[in-house]
Amino acid sequence: MRLWPLIVVSLALFVAGCQEKVLHAKFVQRNFLFRSTVSLSPGTTELVASKILTIRVLGRTSSCNFPVSIESTPVVMNGVKPNYEKIISLRPDVVLYDPALFSKSDLAKFEQAKIPTFSVGENTLDGFIRRLYELGTAFSTETDIMTYVGDIDRAVASAKASIPASRPSVVILMPGERGGHMISGTKSFVADIVRICGGNVIGPDSSKFEMAPIESLITWNPDLIVCSPNYRWIVKDTRLQSLSAVKGFMQDKPTIAQIHGDLLLRQGARVDVLIKLVSKFVGGNVISK
């Protein structure tokens, strides 16, 4: 049966003047807690608006779409630049953001307004979990964070128990309709997830998505391809017809998996789900709707 694309409906805490003391290995006590936030990335919105961190969300980006309840929250960022005036007028206790999207000068405006900022955007799963613990401390939701981390840990344990004897080579692509494909670097968060699940990730030495070099892709000749948003843009690219993953897919083998970008590219409330799906795919099982 053909591997049809999976569509899943649907990222250092810095507080000036905070004094810290260690409670135990995971959590740190701080002098005050955050009760409200503006979230400037879909991943952080998932965390704070879900059952993992149920707090008052005063603003979000236009791309924030999970959970559904967040849609009633005012939009304070369209595109890549936030509405600073609107955010400052809301007076959130903290602004959450993805460090890949903001520079120091961007954050300086919040510092001038005396609004703390907190970044969530790591290159490894271990790093992401550390940030979760810091979030739990900052919002006094340690128990909920530990529950979510437990879900992630169980997904990782299951993935490691089903790693194939021969690790397949994997590339992670964001296909372009006109052939301008982007490829994940081997130091990215999603690359770390694929490695945990038993895949040998191939790509540039980067923590970001880069323009995919077609000649290198052909040379690498990956066994499997994880992609979002549209696998058809890969299999219809005449330049990629020689790839083992493309050939296998055309022969109804499970060699290409399309995972919705909201799941694949966010460090949010569904990382455990992503691990389970990637593990199933790398292990040679068909992922279906």
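At what angle do helix α5 and helix α11 pack, and how far apart are their axes? Keep that in mind while you load the predicted model.

**The whole protein**

Start with everything shown. The protein has 11 helices and 14 strands. Of its 289 residues, 54% count as buried.

**Helices α5 and α11**

Select residues 142-161 for α5 and residues 271-282 for α11. Two packed helices are described by the angle between their axes and the distance between the axes. Here the angle is about 10°, and the axes are 8 Å apart. The two helices, α5 and α11, are therefore roughly parallel to each other.

Next, show side chains at the contact. From α5, pick Tyr148, Asp151, Ile152, Ala155, Val156 and Ala159. From α11, pick Val271, Asp272, Ile275, Lys276 and Ser279. Colour them by class: the contact of α5 with α11 has 7 nonpolar, 1 polar and 3 charged residues.

Keep Ile152 and Ile275 on screen.

Centre on Leu125. Which residues is Leu125 in contact with, leaving aside neighbours within four places in sequence? Select Ile152, Val156, Phe189, Asp192, Ile193, Ile196, Val271 and Ile275.

In soluble globular proteins, nonpolar side chains tend to be buried together.

**Helix α6**

Go to residues 189-196, helix α6. Is α6 largely enclosed or largely open? In α6, 7 of the 8 residues are buried, so the helix is largely enclosed by the rest of the structure. The buried residues are Phe189, Val190, Ala191, Asp192, Ile193, Val194 and Ile196. Then step on to Gly198, which follows α6. The phi of Gly198 is positive, near 105°.

**Asp237**

Last stop: select Asp237, in the loop between α8 (232-235) and α9 (244-250). Is Asp237 buried or exposed? Asp237 is buried, with a relative accessible area of 8%; the cut-off for buried is under 20%.

Now show what surrounds this residue. Not counting residues up to four places away in sequence, Asp237 touches Gly179 and His181. Asp237 and Gly176 are 61 residues apart in sequence, and their C-alpha atoms are 9.7 Å apart in space.

Key. Residues numbered from 1 in each chain as written. Predicted model: local features only at pLDDT ≥ 70, side-chain atom pairs only at ≥ 80, totals over all residues. Heavy atoms only, no water. Axes fitted to C-alpha atoms, helices over the stretch in contact; angles between N-to-C directions. Helix = DSSP H or I, 4+ residues; strand = E, 2+ residues; numbered from the N terminus. Parallel < 35°, antiparallel > 145°, perpendicular 65-115°, else oblique. Contact = heavy atoms within 4.5 Å. Nonpolar A, V, L, I, M, F, W, Y, C, P; charged D, E, K, R; others polar. Buried < 20%, exposed > 50% of the residue type's maximum accessible area, 1.4 Å probe, protein only.
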